[in-house]
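Student: Could we go through the aromatic contacts in this structure together?

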Amino acid sequence: MTPVPDATAEQEAARFRDDYARVKAEIGRVIVGQEEVVDGVLTCLFAAGHALLEGVPGLGKTMLVRTLADTVDLSFSRIQFTPDLMPADIVGTHMIVEDAARGRRFEFQRGPVFCHVLLADEINRATPKTQSALLEAMQEGSVTVARTTHTLEEPFFVLATQNPLEMEGTYPLPEAQLDRFFYKLRAAFPDAKALGTILERTTQAETPRASAVLARARALEMRALVRRVPAARAVQDWTVRVLMATHPESPDAPDLVRRFVRYGASPRGAQAMLLGARIRALVLGRFAAARDDVRACCLPALRHRLILNFEGEAEGIGTDTVLLRVLETVPEA
Amino acid sequence: VIGSTIGDRVLHGVLRRVSRRMRVARALVWGARAVLCTGAPCVIVLLFVRTGVLQAPAHAWAWTWAGGGLVVAAGLGLGAWRAAPAERAARAVDDSHRLADRVASALDFLARPERTAFMDAAIRDASAAAAGVDARRAAPLRLPRELRAIGMLAVLAALAALLPLGAGAVAPGPVHTLRVKLAPADLAVLRSEAVALAGDDDPEAAAIALELRRLLDDLARGECARADALSRLAGLEWRALHAQPGDTAEIREALRGAGNELLRARPTAAVGLALAGDHFERARAELRSLAEQLAHTSASRRSGAARALAAAERRLRRDAPPASGDAATSQGGRALERLRRDLDQAASDAPANPAGAAKALEQAADSLDRMAKELSRMAQVQRITARILEMRRVVAGKGKQEARQRRLRDFMARSGGRPDMLLLGEGDTQIRALGQETSSRPAGGEAPGDAHEPLRLDAAMPKSPRHRDVGVEGRDSPGPTRAEVIYSASERGFSAVDYRRVFADYSGVVEEALTQENVPPGRRGLVRRYFDLIRPPR
């Protein structure tokens, strides 16, 4: 008797893979290089997380977010964070509205947060009070103004950027807010070949523009599908061990962690690693997350969740260095 | 579900193959470790044996091979005993074929009671991937890492076995095959004895003497090992004992007794005098003369002769060696018996039948002649036996000296001493202990007479009140040759005193001194041996 395989899972996975590839290819029409960042942003999108993008100005961060919104057919808002930016400028405020029928009254005017894709540009330039206005929106998907909670429409995806060089007059994001970001991605400076391509594309009469290749509903389906991808017990255990090893008090922590780390990653880090691993497995044509996937997701998922101590900061030890050491030392079996 | 079942079979088939190979690989590793665990102590013990710290027991190699083989077999068995877990096999497959945890995850999903569609899809995916899995690649049978250490151990063992280490040069083995080299003086004395004995009339005695001479020649050339020399001497001693079953002293004593009895009658007095003085040739002639005169002698004189002959016969019967002894069964004993019967016959015939008595006396003369020859032969064999025993003692003593020297060499080699400080003498071993120099200062002690060699002596001898230190400068030489001795003796003149007397006087004094004086035990034997060597022949 010839076995009849249950093809639903395979088909769904293949469709996910195709859609993902189509979105990525469409983004690639506009964004040159930065594949890792694009993959990271898409992972955050389909994992229902938010991304913190770090890079020097001019690397196409804003363009990437705009292109993503265009590609997925989502509404897009951009907020340029400045020191005088107020929370109401983000979430919205009640304004006096007057019309003939109902007379003068207060009406809630939605802020730019009410969108699908929000670009929080140079988020570290706003005051902590303003930054915290994003906390509820990012975590709960809702905004409460004057005791009225306004639910944000799914998908809600925040992509914040920050400039690592000009730190004067900035307000570093508090740990609680950093933890809300699914990934922290680092935009690298493009190489000469990519730079040439950028010049070709952006100095011509017609600038390439991405078109919508993914409907919003399909994006939500893909989000749901990601959650159905299984992970073997051993993979989960290894993910937990990696996370635990980032804590200096853990017996599995390497010396580098014990010496330079003040606090290790939160449980959200493990969630981010495993969820990112599931998406990566689907993208690579597999049906279950593997250790390699977790390993690949470890840096963007945990690099902003580690808090170095004074010695680590003084020595200039990067969190990526610490995490790579952790991945080296944690046994896979 | 059906797809999962088939995937289950495929996966488990692959995992079984990989698991088997992992088990074999583990057995190899454990076997190699067992070889290391066994080999390392063996090499250490070998080093100890080669450097002389330990002595190798009997059948050491057989025990080593048996024990080592047992440990290695146990290592192999233990390594192959437990099956490799399926999870490990799955990990090996994933890692070797870059399957990104496909097989390990599928194995996990297969064990779950409830599976989602994605889990089934993962199992199918893993089964498809596992179909192309090569078990040899997943679990390669590599040579154990311990092989390098085993190789180094083997090289070390070979070096330890082949290179001359420390006490290797003084290992007990070669010492047993050392050639016996006797002192020239000893050899000269023994050889002259053997040459003299080789000309004996008795063929057996001559053969034994010839063989003894050959042995002495071999020893002189240094071509005979100690064990061989002792074996040959034992054989010669056995032959000599069989050639001389009794002692000549008893027979001689019996004949002297008979001679004393014959002295009591005038006609037989001459015969008795000769017999009492061990002059057998003269006694034989006197017997023949008595036989001729007996017919012309008066009856009273014949009666007196008959009584004397009967008394001599009785004396011979009384003093003759017992019938059960070796001497009685020897030719000497038989000749004595014949002589006794002839004397008995002559005693009974002498009063009435002078012709019969004369004939019996003639026969007695012949018997005495044969007995004299037999006694001479027995004396020669006794001398040969004495020489053989002497040689055995010398060779055995030589072996003890060598053993003592070997022990001292071992001791010096282990303690880092100087082997050149060990001097070996020709006749006796002169051992200079550690730290003693070759200057005029005596061995041990601050001054002469203070102390003595600590290795072989007991309490130091106290100085005599009349003690006087005399410095004597020694000369290392083999001593004067025989020609030099004879020449110097002719210059000074020969002694008029019998050497036997001189020897007896001196040896008596020496024995008395050895028992009464505080002579070190190690020196007593040497003194006695010296006097044995210069003892005059009988």
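The conversation below concerns pairs of aromatic rings in this predicted model.

Student: How many aromatic pairs does the structure hold over all chains?
Tutor: There are nine aromatic pairs over all chains.

Student: Where do F287(A) and F118(B) lie?
Tutor: F287(A) is in the loop between helix 11 (267–283) and helix 12 (291–302) of chain A, whereas F118(B) belongs to helix 5 (residues 117–130) of chain B, so the pair joins two chains.

Student: Is F287(A) buried or exposed? And F118(B)?
Tutor: F287(A) is buried, with a relative accessible area of 9%. F118(B) also counts as buried, at 1% relative accessibility; the cut-off for buried is under 20%.

Student: Changing topic: what is the geometry of Y499(B) and F503(B)?
Tutor: Their ring centres are 6.4 Å apart and their planes lie at 45°, so this pair is tilted.

Student: Which helix holds Y499(B) and F503(B)?
Tutor: Both are in helix 20 (residues 499–516) of chain B, four residues apart, which is about one turn of the helix.

Student: What about accessibility for Y499(B) and F503(B)?
Tutor: Y499(B) counts as partly exposed at 42% relative accessibility, while F503(B) counts as buried at 7%.

Key: Residues are numbered from 1 along each chain as its sequence is written. Chains are lettered from A and ligands numbered from 1 in the order in which they are written. This is a predicted model: local features need pLDDT of at least 70, side-chain atom pairs count only at pLDDT 80 or more; totals for chains, interfaces and linings use all residues. Side-chain values use heavy atoms; hydrogens and water are left out. Rings of Phe, Tyr and Trp (its six-membered ring) pair if their centres lie within 6.5 Å; planes under 30 degrees apart count as stacked, over 60 as edge-to-face and the rest as tilted. Buried means under 20% relative accessible area, exposed over 50%, partly exposed in between (1.4 Å probe, protein chains only).
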